[in-house]
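Here's a quick look at a few spots in this model. Have the sequence and the coordinates open as you read.

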Amino acid sequence: MIAAVVLLVAIGIERGAELMVSARNARWSLSRDGREYARGQVLPMIVLHVGLIGGCIVEWWLAGSFVPWLGWPMLALVILANALRWWCIGVLGRQWCIRVIVVPGLSAVRRGPYGRFPHPNYLAVAVEGAALPLVFTGWITALSFTVLNAVLLLGFRIPAENRALGELSPDVAGGRSDSDRASDRRDVDAKGS
């Protein structure tokens with residue numbers, strides 16, 4: 001179980017780094033008259049991610065075991081998901097934040113993973129949330145996180161981000177059509193997780 005502890009400590013350090021980057025970027029965005037949307041969604045997302053780690057600890061402690069045919073592929077998915085997450089953070093630069101903050105005058109990001117598919121950061125979150133518990137056969141945690149994450153993302157977070165991104169000055173002031181703006185919103189993500 002030493003490997004499980006090392007993995008969770010590494011994920012914890014990564015989450016701490018994300019929170020530091022997010023706090024710095026939020027200060028930057030708000031100092032430039034950024035407008036925050038869906039403020040009430042941050043706490044449930046934090047609780048869900050803390051629950052993911054907590055669920056892994058409990059489930060791995062009680063019944064976890066490393067089954068190579070499952071554990072190795074899931075570990076690879078965790079690593080790939082985190083690579084995608086940090087690619088998203090790097091591409092968005094100061095625009096990345098766990099909060100939904102849109103800075104007037106900034107344009108939608110269309111490069112990197114944001115030019116390939118909508119909300120790539122949330123793809124990384126979904127993959128990691130399902131794969132991390134399964135590294136040590138945490139089926140209950142994987143299923144619970146996946147369902148709750150889908151409810152939060154699809155029911156609340158992504159619609160809120162799409163509304164916020166729809167108010168980006170160049171798109172709204174530029175006389176672009178609703179379909180053009182909808183296409184743009186699918187290509188960008190105002191925050192990461």
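## Ground rules

This is a predicted model, where local features need pLDDT of at least 70, side-chain atom pairs count only at pLDDT 80 or more, and totals for chains, interfaces and linings use all residues. Residues are numbered from 1 along each chain as its sequence is written, and side-chain values use heavy atoms, with hydrogens and water left out.

## Thr141

Let's start in helix H5, residues 139-165, which holds Thr141. Helices here are DSSP runs of H or I with at least four residues, numbered from the N terminus. Thr141 counts as buried because its relative accessibility is 10%; buried means under 20% relative accessible area, with a 1.4 Å probe and protein chains only.

Setting aside residues up to four places away in sequence, Thr141 touches Leu52, Gly55, Cys56, Glu59 and Pro133, where contact means heavy atoms within 4.5 Å. Gly55 also turns up in polar terms: its backbone oxygen sits 3.2 Å from a polar atom of the Thr141 side chain.

## The cysteines

Cys56, one of the residues that Thr141 touches, is buried because its relative accessibility is 0%. Cys97 is buried too, at 2%.

How many disulfides are there? The count is zero, taking a disulfide as a pair of cysteine sulfur atoms within 2.5 Å.

## Asn82

Over in helix H3, residues 68-92, you'll find Asn82. Asn82 counts as buried because its relative accessibility is 11%. Leaving out residues up to four places away in sequence, Asn82 touches Ile11, Glu14, Arg15 and Glu128.

Conventions: Helices (H or I, at least four residues) and strands (E, at least two) are DSSP runs, numbered from the N terminus. Buried means under 20% relative accessible area, exposed over 50%, partly exposed in between (1.4 Å probe, protein chains only). A polar contact is a pair of N or O atoms within 3.5 Å; within protein, one must be able to donate a hydrogen and the other to accept it, and residues adjacent in sequence count only if both atoms are side-chain atoms.
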